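Subject: Handover of a structure, with notes on what was found

Dear colleague,

Please find below the structure that I am handing over to you.

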Amino acid sequence: MSKPFYITTTLPYVNAELHMGHALEFIRADAIARYKMLMGHDVFFNSGTDEHGSKIFKKAEAEGKAVQAFVDDNVEKFYASVKVLGLTESVHFIRTTEPKHVIAAEEFWKRVKDNGYIYKKSYETKYCVGCEEEKTDSELVEGKCPIHPHLELELINEENYFFKFSAFGDKLLAFYEKKPNFVIPEFRFNEMKAFIKGGLRDFSISRLKSKMEWGIPVPGDPEQVMYVWFDALVNYIATVGWPNDTETFTKYWVDGTPTQYCGKDNTRFQSVMWQAMLMAAELPNSDQIVVNGFITAEGGVKMSKSLGNVVDPKTIAEEYGTEALRFFLLSEVSSFEDSPFTIERFRDAYNAKLANGIGNLTSRIMKMATTHLEKTPAIPKEFMPENWIHAMERFDIKEAMDITFRHVSELDQIIQSKEPFKLVKTDKDAAIEIIKDLVLRLYAIAEMLHPMMPETSKKIKETIKAFAMPEPLFLRKE
């Protein structure tokens, strides 16, 4: 039996609509979850909503709503948005306001404190509400957060609890030494090693309740609430049963391979801070952190509503279909670097690879098959090309899709060069063997598409097995 596999996305805040970056992370994690299921793993796929912190508190206040009512309303919108991404029905969603998570966060705090890694002190710092993170002067550009330059930095001056982050530099580097592929891609891993070698600073993990009440109360100190990141990160173990359901936790976290997808702006939280926190609680570390680049507008410009260059994933899914959205994010966006998303790029790729590509190929092959064969050829046990498997194991989904569409091009070339639809008139036996091979290779392409475009994969397989002409898979868009 294959090893249990655990994969999670980061949890989006519920104060705003899901954007293309969220869609990228969700769909990629889903593709890996489906791939691992295909390879025989027992998979636990986690996502959910991050519902505490000053960002959400301020947004609810601005809308004149009670905070709990605000997050409840937005969670419903979140679930509606996620449906257009075509995630597997086995995905688990956790809310950071639900009792299971609150219990886990409280227990986690107690363990870290009992182990001597939490203390209290007065301090002053600059804080970006957009990042929910303290900022040093060296991280600022002209006095602004480079990620959220439109937001004014807050100046925090109060007594809070701190996590003794500085105690974990050598421990983290030793852990990294044993896990040479811990962060993917390697250049992100190198960035984290350099960050640690630059010296880790203890960071605040609570806020005064009198100033910001929306959070989980600090155990033993009701005047303070947990800092949103400290609380939210615990969801990754709460969702698999920690601390009460030891059987599930052991299966997926301890004995499994806990894998976390995140955007590049989350790399530090996932691969450094969270790993130090796990060490402080004497819990096993994650197995791998996979880091996406950003989705940008044309020319690498950041997407922004004020610039009018935002592309809404829901709009794309409504016009072109969920499968087309998944295709573009998995096939045309770099696995690890920033990539632009424009309607023009999307439409060109859709027409070339879907309408004129796999859609047209399926129709041509099945027309020849139903015309010249008596029945569907015997389909051998499903297999995947080794280079495709290797790409998926390295989380290089774009490379896996490139391999898949190279197979599509190869079948087109075979049809063009051998012309079995003509050959059947002069050498029927040879033509029939070519057509049988085309059908079987089309089925193999459908298998490769299964994790990425599950509905398209299913339609192609069903068409082949039913020995029928398919409905057009993708209509050309002008």
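**Overall architecture**

In the protein chain, 77% of the contacts with a separation of 6 or more are made by residues 24 or more positions apart; a contact means heavy atoms within 4.5 Å. Please note that this is a predicted model, in which local features need pLDDT of at least 70 and side-chain atom pairs count only at pLDDT 80 or more, while totals for chains, interfaces and linings use all residues. Residues are numbered from 1 along each chain as its sequence is written, and side-chain values use heavy atoms, with hydrogens and water left out.

The protein chain contains 18 helices and 15 strands. Both kinds of element are DSSP runs numbered from the N terminus: helices are H or I with at least four residues, and strands are E with at least two. The radius of gyration is 25 Å, close to the 23 Å that the globule rule gives for 478 residues, so the protein chain is as compact as a globular protein of that length. Here the radius is taken over C-alpha atoms, and the rule is 2.2 Å times the number of residues to the power 0.38. The C-alpha trace spans about 90 × 50 × 40 Å along its principal axes.

Of the 478 residues, 55% are buried. Buried means under 20% relative accessible area, exposed means over 50%, and partly exposed lies in between, with a 1.4 Å probe and protein chains only. The protein chain exposes about 20900 Å², and carbon and sulfur atoms supply 50% of that area; accessible areas come from the Shrake-Rupley method with a 1.4 Å probe, and for residues only the protein chains shown count as cover.

**The parallel sheet**

Strands of a sheet pair through backbone hydrogen bonds, either parallel or antiparallel. Two strands count as paired if DSSP finds at least two bridges between them. Six strands form an open sheet with parallel pairing, in the order S3-S2-S1-S12-S13-S7. Strand S3 (92-95) and strand S7 (183-184) stand at the edges with a single partner strand each, so one side of each is left without a neighbour in the sheet.

Strand S1 (residues 5-8) is covered on both faces: Phe-5 and Ile-7 on one side, and Tyr-6 and Thr-8 on the other, are all buried. S1 pairs with S2 in the parallel sense over four bridges, and Phe-5 stands opposite Val-43 in S2. Strand S2 (residues 43-49) is also joined to S3 by four bridges, again running parallel; in that pair, Thr-49 stands opposite Arg-95 in S3.

Strand S12 (residues 257-263) holds Thr-259, which counts as buried at 1% relative accessibility. Leaving out residues up to four places away in sequence, Thr-259 touches Phe-5, Tyr-6, Ile-7, Thr-8, Gln-288, Val-290 and Phe-395.

**The antiparallel sheet**

Four strands form an open sheet with antiparallel pairing, in the order S5-S4-S6-S8. Strand S5 (133-135) and strand S8 (203-204) are the edge strands, and each pairs on one side only. Strand S4 (residues 118-128) and strand S6 (residues 154-163) run antiparallel and are joined by ten bridges; Tyr-127 stands opposite Glu-154 in S6.

Glu-124 belongs to strand S4 and counts as exposed, at 51% relative accessibility. Apart from its neighbours within four places in sequence, Glu-124 is in contact with Leu-155, Ile-156 and Asn-157. Glu-124 and Phe-45 are 79 residues apart in sequence and 39 Å apart in space, C-alpha to C-alpha.

**A helix and a hairpin**

Helix H2 (residues 54-62) has Ser-54, Lys-55, Ile-56, Phe-57 and Ala-60 as its buried residues. These residues pack against helix H3 (67-83) and S4. Just after H2, Gly-64 takes a positive phi of about 70°.

Strand S10 (residues 217-218) and S11 pair in the antiparallel sense over two bridges, with Pro-217 opposite Val-225 in S11. S10 and S11 form a hairpin with two residues between them, and Gly-220 in the turn has a positive phi of about 85°. Strand S9 (residues 206-208) is joined to strand S11 (residues 221-226) by three bridges, and the two run antiparallel; Arg-207 stands opposite Val-225 in S11.

Yours sincerely
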